[in-house]
Amino acid sequence: MSTTVRPGLTGNRWVQLVAMCIAMMAIANLQYAWTLFTKPLTAHYNVSLAVVQVAFTTFVLAETWLVPFEGYLIDRIGTKVIMGAGGLLVGLGWIGSGALSPTIQALWVWYTIGGIGAGAVYGGCIGTVVKWFPDRRGLTAGLVAGSYGVGVALTIIPISNMLKSSGYASTFITWGVIQGLITIAMALIISAPPQGWKPLGWEADPKSRVLPQSARDVEPIRFGVTGGGPIASRLRLGGMVSKPSFWVLYVMMTLMAFTGLVVTAQIADIADAYGVGDKVILFGLTAVVMAITVDRVLNGVTRPFWGWISDHIGRYNAMFIAFAIQAITVAVWIGFLSNPILLIVMSGLAFFSWGEIYSLFPAACTDLFGRKYAATNYGALYTAKGTASIFAGFGSALFVDTIGGGTNWVPVFVAMSIAAAIAALLALFWLKPVATRAIAEEEQAAAGVQPVVATT
């Protein structure tokens, strides 16, 4: 049954979309500007890159692995309190990193606090936008997720300049205040639509050949008891986490998140290792600063672009094409790591064929498991990014420091290319049939039809 939205400007779903985009832009620097801070932090604390990158890894772990809990709270008590608290923690994360971190361990703590806040905002925005736009799920999830990427393109040059003129501590403090206040202001606007709301004239179509969507809402976790009696009874796990389609999504997202997070966390260090980081390219800007700017723009553009593509050709076809491009891009890049111009070009293309995971996966998750528990369900899937961060941040830095003497990143790039290729093949030949079958079985169950079980 359709439900009307309460009157007022904030009841307009397009206003909601804009507010979510601004909130995502405000939290983006915590992840995507981090690479600019690694060199001054390494020098200040007199530690290795791997030790500094612990902060990035714990940030991503906190940002992702707490999202299911934060999504649960958002789904039940609303967005304003949770996202407002998230905005406060986002600000404190950078302020504390600059003003209250006499040791590297203190920096880890403050950056992790920022990750908790960023996860609440990120999970809240993505989980809310797919509820407002079931008819444009891929596109709008891409616009919101893309704002998380492109937001840094607007701030990377002033942050880079402030790092040079004022140092990392003042930069953390100043931008922590700015980011925190903007996020809190947007949290006061953002809200989910009423339960049962849908756009006028729209209905989920589980039989669509291009974009099948479940008409049922699958909760994330459900426990029950099965068996013939008290002795024979046993605990049964149900809900989304018991579905094979969820775990296929999880494996794929982990593989693809690894490929992009390596570049996100390590691009400045990779460029320095091959002697191209400080090469001035244009208008006094170095190759690294230009690469990060281009990367973040394309990282923002790719999310609505591939989301829109997936709305028209299907989620899993779009995944296969994008992931295959990523595998080829990273493989080709190996031959040009010491070229400053191609650092900009290849890293930009790598982001263009990676950033779409943050629009395609939440859209696919909601297609499969419905809208009611969207924030919690995608929160569970989003933890795949945290899993990947262990290998992309601390793991890859430690590997290069230990095996490559801090300068040989080729084995890591080979692993990235293989991971993207595996994800591409899984999308087309595993996830696509599994997802189609899962939605069909949900519809059969809803209609009271016993599914046919193949025999061997």
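**Close-up views of a predicted model**

View 1. Ile178 is found in helix H8. Together with Val18, Ile22 and Ile182, Ile178 forms a nonpolar patch on the surface. The accessible area of these residues together is about 290 Å². Two or more residues of the patch come from each of helix H1 (13-27) and helix H8 (137-187).

**View 2. Helix H11 and its buried face.** Helix H11 covers residues 315-333, which is 19 residues. From the first C-alpha to the last, H11 reaches 27 Å, close to the 27 Å expected at 1.5 Å a residue. Its buried residues include Arg315, Tyr316, Met319, Phe323, Gln326, Val330 and Trp333. Ala318, Ala322, Ala327 and Thr329 are also among the buried residues of H11. Seen down the axis of H11, the buried residues fall within an arc of 165°, so they line one face of the helix. An α-helix has 3.6 residues a turn, so residues three or four places apart point the same way.

**View 3. The aromatic pair Trp34 and Tyr111.** The structure holds 24 aromatic pairs. In the pair shown, the ring centres of Trp34 and Tyr111 are 4.7 Å apart and the planes stand at 50°, so the pair is tilted. Trp34 sits in the loop between helix H2 (29-32) and helix H3 (38-45), while Tyr111 belongs to helix H7 (residues 104-132). The pair thus links distant parts of the chain, 77 residues apart. Trp34 is buried, with a relative accessible area of 0%. Tyr111 is buried as well, with a relative accessible area of 1%.

**View 4. The aromatic pair Phe305 and Phe352.** The rings of Phe305 and Phe352 have their centres 5.6 Å apart and their planes at 40°, so this pair is tilted. Phe305 lies in helix H10 (residues 287-313) and Phe352 in helix H12 (residues 340-352), so the pair ties together parts that are 47 residues apart in sequence. Phe305 counts as partly exposed, at 35% relative accessibility.

**View 5. An aromatic cluster.** One aromatic cluster is formed by Tyr32, Tyr122, Tyr148, Phe351, Trp354, Tyr358, Tyr378 and Tyr382.

Conventions: Residues numbered from 1 in each chain as written. Predicted model: local features only at pLDDT ≥ 70, side-chain atom pairs only at ≥ 80, totals over all residues. Heavy atoms only, no water. Patch = residues over 30% accessible without salt bridge, like charges linked within 9 Å, V, L, I, M, F, W, Y side chains within 5 Å. Areas by Shrake-Rupley, 256 points an atom, 1.4 Å probe, with all protein chains shown as cover. Salt bridge = Lys/Arg side-chain N within 4 Å of Asp/Glu carboxyl O. Helix = DSSP H or I, 4+ residues; strand = E, 2+ residues; numbered from the N terminus. Expected span 1.5 Å × (residues − 1). Buried < 20%, exposed > 50% of the residue type's maximum accessible area, 1.4 Å probe, protein only. Arc of directions from axis to C-beta. Phe/Tyr/Trp six-rings, centres within 6.5 Å; stacked < 30°, edge-to-face > 60°.
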